[in-house]
Amino acid sequence: MMVTSLQVVADAAARTIPPAWPLAATVAVNPFLGLAHEDLAHVAARLSRVAGVAVTMPRDWYASRIAAGAISDADLAAALAAADPGTRPPSVAALKAAALQPEPPPVALATVADFAAAVSGIDWPAIVADRFGNWAAGWFDEGQALWAAPRGPAYAAWRAVATHDLTPEILGLRGFAGTVAAAPEHANDALAQAVAYLGVPPAALSSYFHALLTTLGGWAQTARYRRWCAELADGDDATITDFLAIRLLWDMALLTQYREHIAPDWAATLDVHAAPLVPTEAQAVDVVLQEAAERAGQRELAATLAKPVARIPDELPLLQIAFCIDVRSEVFRRALESLDGRIRTLGFAGFFGLTTLHCRLGSDVPEPRLPVLLNPGVVSRAGGAGDRTADIRARLDVRVTRAWERFKLAAISSFAFVEAAGPLYLGKLIRDALALKAGGARADPGPQLEPDLDLATKVGMAASTLRAMSLTGDFAPLVIIAGHGASTVNNPHASALHCGACGGYSGEVNARLLAALLNDPEVRAGLVAGGIVIPTATRFVAALHDTTTDAVRLYAGDHTSPADDAVLDQARRWLAAAGVLARSERALRLPRDDATASVTRRSRDWAQIRPEWALAGCSAFIAAPRSYTTGRDLGGRAFLHDYDWQRDREFAVLEVIMTAPVVVASWISLQYYGSTVIPRLFGSGNKLLHNVVGGMGVVEGNGGILRTGLPWQSVCDGEGLAHEPLRLTVCIAAPRAAMNAVLERHPDVRALFDNCWLHLFALDNEGRMAWRYAGHLLWEHEVINDLEEFSLVVA
Amino acid sequence: MLYLLPSLAPVLAVVAAAVGFGWNERLPRSARRAIEVLIGVAVGVALAVALALVAAGPGTSPLLGRDGFGLSVRVDVISATVLLLVTFVGWVVTRFAITYLDGEPGQGRFLGWLCLTLASVLTLVVAGNLILLVTTWSITSLGLTQLLLFYAERPAARRAARKKFVIARISDMSLVAAAVLLALHFGTGDIATIDAAARVGGGGGLVTLAAALLVIAAMLKSAQFPAHGWLTEVMEAPTPVSALLHAGVINAGGFLLIRFADVVVQSPGALAALVMIGGFTAVFGGLVMLTQPAVKTSLAWSTIAQMGFMMMQCGLALFPLALLHLVAHSLYKAHAFLSSGGAVERIATFRRPGSAAVPSLAAVGRAFLVALALYGLIGGGAAALLRPSAQALALGAILVFGIAYLLAQGLADAAPQALTRRLAVLAAAAAGGYFVLHIAADWMFGNSVPPPPRPGPLEWVLIVLAVISFGVVAVAQATFALWAYHPAAAGLRVHLSNGLYVNAVIDRLTGGWRRRAQPHMAVV
């Protein structure tokens, strides 16, 4: 076999691993990203083989929902009808009977390390994970160890360490350091050599590689992230295939030592790797049950959307406020709109169309505050020439703290530190135990584009963002652009609570940039030509919605425009009142919380592992005019994107929505799905045991595999699941033909719908879920039941 | 009867433990509240004990038992101080754990063992009699084992617990043997009487042997090389366990030596061993810590190093300083563990202003000179006032080394002037704090423990050796960027980052990587 074709297989295997962003700014990732060209049944077969996991809930979860009536016979029948006729159970009765039959957990095909463990009694897979993690943690370290591990290309760096590390030898792997020293200098050659030595036939390669990369867990996913970033910038990164070569060398060394005992078993395993994937009957049943659970959820959503609601009569808007589509905004928007008929809210992706690479005050580190699917388009920095002094002071403060921190940690000086300053921690312990430290950092000065853009570009940016928001007329005197972020302490996963559309940072920078752009008189003048007339009296103000406390901070000081301060004061009162309402609603859902005051306190409590529920429960994405959803309680479970197809020329906005926000929402929804259903593989484990490595990730306990995805405590309150694992239901108010056209142009997006990673519905003119996308560009008319029955369901 | 007051603290903790065990699973609001209040009241008790001590002076409660053996409570400045420390850290950790384990199925069980371990430590620190001391020494360790095995299904947790169990039992046996020897020699189990008798009566064969056994028990308890391995694996239990270690569990070794200071100083050999092993552990732990990329692991290595330093202070017979170190380190490290979740943000913050300025050799030299001058200036004043021992003066060298490191960062050529200024102020404040605390510790504890003996030839050798090796490491640390990334240092880094393989060897010997049961494997 040629090395080059081996590389192709290795690269393809790397593609099956989802990328994982470092925790400093992390975003939700679809854990099935590299597998979305297959449907759930085939992925079930694949992951059962390579990782030993089931990709649906245990049978009793479905059985109990069927017994409770949450999943109706109609749901089961509909799911059955939609399933592959070749593999589906013969009847609803058979399906229900199958739901009562527990399935044994799947078992992964063994690696050489597994076989070696079986014959030696030494836990080789754990040792490989421990040794690999021990090296990788140092290699990825972003600043924890004062004596950092050497960098450089992964394979070479690993070899330099592994040739010195005596641990494998001590634990019983004879001559491992020597084996590594004798291994080829280049990862590609090592890969080829190991594959030949292990006797892997070409047909088994991709499955075996996938299995090996899976044993590396989050390390492989972080390597995949590096490749993702490199490819976005039209480059390449070999870290993940280097990791594969390293893992192969371990199997090779173990085979050498235990060959006589395991060779036949190993050969047989390779044959299974080479066999084509066929979902089992049980897996087909699981998939139908999952589909039925989703149909049950859709039935409830359809009822909510079809139910007539009492409306506050519309008055001329006094305040328009745009939020991120994030499901957490839904609660707050509903609360806000319930206060006054002069308030209008909008939903749009929280980066507000500005793909900025931002440096905060006193920082040289550019932060990509944009969706991870995109490349940055503009560069910004906190503050301008007038803020130089503040910038220098901020740097100095951090540098002094950093020097003190090093004094605290360095060899020898740490002893002096304890005896000079240790008792000060008495005060710190009291402060943190009682959560006395005030939350909320000082705001940076307003961001400025650097370099500033020419007027035409600015006008173009402003126009496209307003069009995409369907906000091109009827401007209120005050328009607030509200990004969002979360405030938590002592939380390694803090950035996961921020805005995903802003790359895992909080959204105030993008909001402030947009507000500044839209307040610029020259930009406004330029917009008129495109038919967007912003009244002189209209003022844009940026804001930050704190999703943990539901406080909204306004950045009114950014602009000195002739403002109507009465309107601003009114807005402040409304926002405060909405915050109270939103907190009360959320307090009901937060575990062991009985007062809305304690919701705020959670954000300051260093022991709190569930400061907020984030996007847990997310189940629907609705792109429609807000009037379709106003006054309907969507329970903080729906992404809401404003969209008016009648104003969408050539469906350009529809195309953007279906290819960007919908895809991002699918990443979030499927991350929750993966972390809930397959926590061992796609969840980051137990928060009580998290040990932050290198400032970039967590391991559980002492070390081993890097854990990515959501912590178990983020999807479970300890007794029940906080997230119902359902694939996202996407509802779009647009003509079906227009949607088909978009799907035809974007095969990757179409694969998500055709393989049921997402469900798609077309809303009719009354906002009802009238048409269901049935795959292959076909649509089915949904029977909208009469309203009587719906109210029963909702009750 | 006033001297019985401290016994209220462990009683409260036992009641809190009973509440936890009573529910065993998730705690209702009332139980959570009750546990926190009970431990909170224990802090109040410790404060009251401190006040009582000021008012009535030290003393021992009446004995429950006979012929000098049984249960009694000792109140003096040592027990009162450590009682305050343990109740306070215990309260912080308990409060943290109640919220942290919210929703965890074993919440009650966890808090039960946590409070029981705490109760055991609280009894240990106020024990007036050998019987009570020896018993609680073991119970503390058994309670900790239960906490380590909170997730008993984790192989790594079992690995750590197994190592710790073996070490703790040897430590128990040493302590029992020491106690028997002391009881035989002095004819009583009363600790204060033994100390007083040892102070006036000097040593003998039995006492020397007892001192050596005490030292062994203490070093094993406080994770001294090569018995340190389990400590770096405590991360297999929830974070509050790591913090709880600093409430008199891991530092019980230091407490034991301070408690029996009068006995321990009778054996120069034991003291020398403490200096050597403690000093080595301090340097070893400190170096390994530098290489650790995981925050809690790094903190655990730091604890090993700090315990080594405390042991070395005991070996130099600087007991007041050892007690200061014990208290100061516990406060700092309990906080560090509980706040370790902030590591992501801390590291991101420190990256923002760009990389740190690397000091040149000349800058490091200047820093050491300035630190030495600072030491001479402030320390000289203190010395004139206090007439410190040679040991204490030598230990002051670590301050010079530490301050020099801080200053060197400010004196790097690329560092802006404002940074240099502010770091100089910090360095002066640190030096001031160091001396003030040392004077305070001497003033508070100096009368309760024997003064350091006049150094003989052996002591001088050890002192010089300690200062030189600490100095070498300090210079190496300050000039770190200049050599650490040289290829020749790569192997050293690998060996150090693995703790010189002590854990690997012990794991091999104790079967730590054995598979307990055959896992499911695909049948092919």
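Analyst: We can begin with the largest nonpolar core, which has 219 residues, and in which B:Phe260 and B:Phe470 touch the most other members. Its largest share, 16 residues, comes from helix H3 (residues 77-100) of chain B; helices (H or I, at least four residues) and strands (E, at least two) are DSSP runs, numbered from the N terminus. This is a predicted model, in which local features need pLDDT of at least 70 and side-chain atom pairs count only at pLDDT 80 or more, while totals for chains, interfaces and linings use all residues. Residues are numbered from 1 along each chain as its sequence is written, chains are lettered from A and ligands numbered from 1 in the order in which they are written, and side-chain values use heavy atoms, with hydrogens and water left out.

User: What makes a set of residues a nonpolar core?

Analyst: The set must consist of buried Ala, Val, Leu, Ile, Met, Phe, Trp, Tyr and Cys residues joined through side-chain atoms within 4.5 Å. As background, nonpolar side chains tend to be buried together in soluble globular proteins. Leaving aside neighbours within four places in sequence, B:Phe260 is in contact (heavy atoms within 4.5 Å) with B:Leu130, B:Leu133, B:Leu182, B:Ile191, B:Asp195 and B:Leu214.

User: Why is A:Glu294 called buried?

Analyst: Buried means under 20% relative accessible area, exposed over 50%, and partly exposed in between (1.4 Å probe, protein chains only). A:Glu294 has 2% relative accessibility, so A:Glu294 counts as buried. This residue lies in helix H15 (residues 281-306) of chain A, and, not counting residues up to four places away in sequence, A:Glu294 touches A:Leu726, A:Arg727 and A:His759.

User: What makes A:Glu231 and A:Arg15 a salt bridge?

Analyst: A salt bridge needs a side-chain nitrogen of Lys or Arg within 4 Å of a carboxyl oxygen of Asp or Glu. The closest N and O atoms of A:Glu231 and A:Arg15 are 3.2 Å apart, and the pair therefore meets that limit. A:Glu231 lies in helix H13 (residues 217-232) and A:Arg15 in helix H1 (residues 3-15), both of chain A, so the pair ties together parts that are 216 residues apart in sequence. A:Glu231 is partly exposed at 29% relative accessible area, and A:Arg15 is partly exposed at 40%.

User: How do you know that chain A and chain B touch, and what area is buried between them?

Analyst: In chain A, 118 residues are in contact with 117 residues of chain B. The buried area, which is the accessible area (1.4 Å probe) that two parts lose on being put together, summed over both, is about 10000 Å², and carbon and sulfur atoms give 65% of it. In chain A, the residues that lose the most area to chain B are A:Trp147, A:Phe415 and A:Glu419, together 11% of what that side buries.

User: Which salt bridges join the two chains, and how many are there?

Analyst: The count between chain A and chain B is five, including one in which the side chains of B:Arg154 and A:Glu700 meet at 2.8 Å, N to O.

User: Which buried residues does helix H29 of chain A hold, and what do they pack against?

Analyst: In helix H29 (residues 747-754) of chain A, A:Val749, A:Ala751, A:Leu752 and A:Phe753 are buried. The buried residues of this helix pack against several elements of chain A, including helix H26 (661-677) and strand S19 (769-775). Just after the helix, A:Cys756 takes a positive phi of about 65°.
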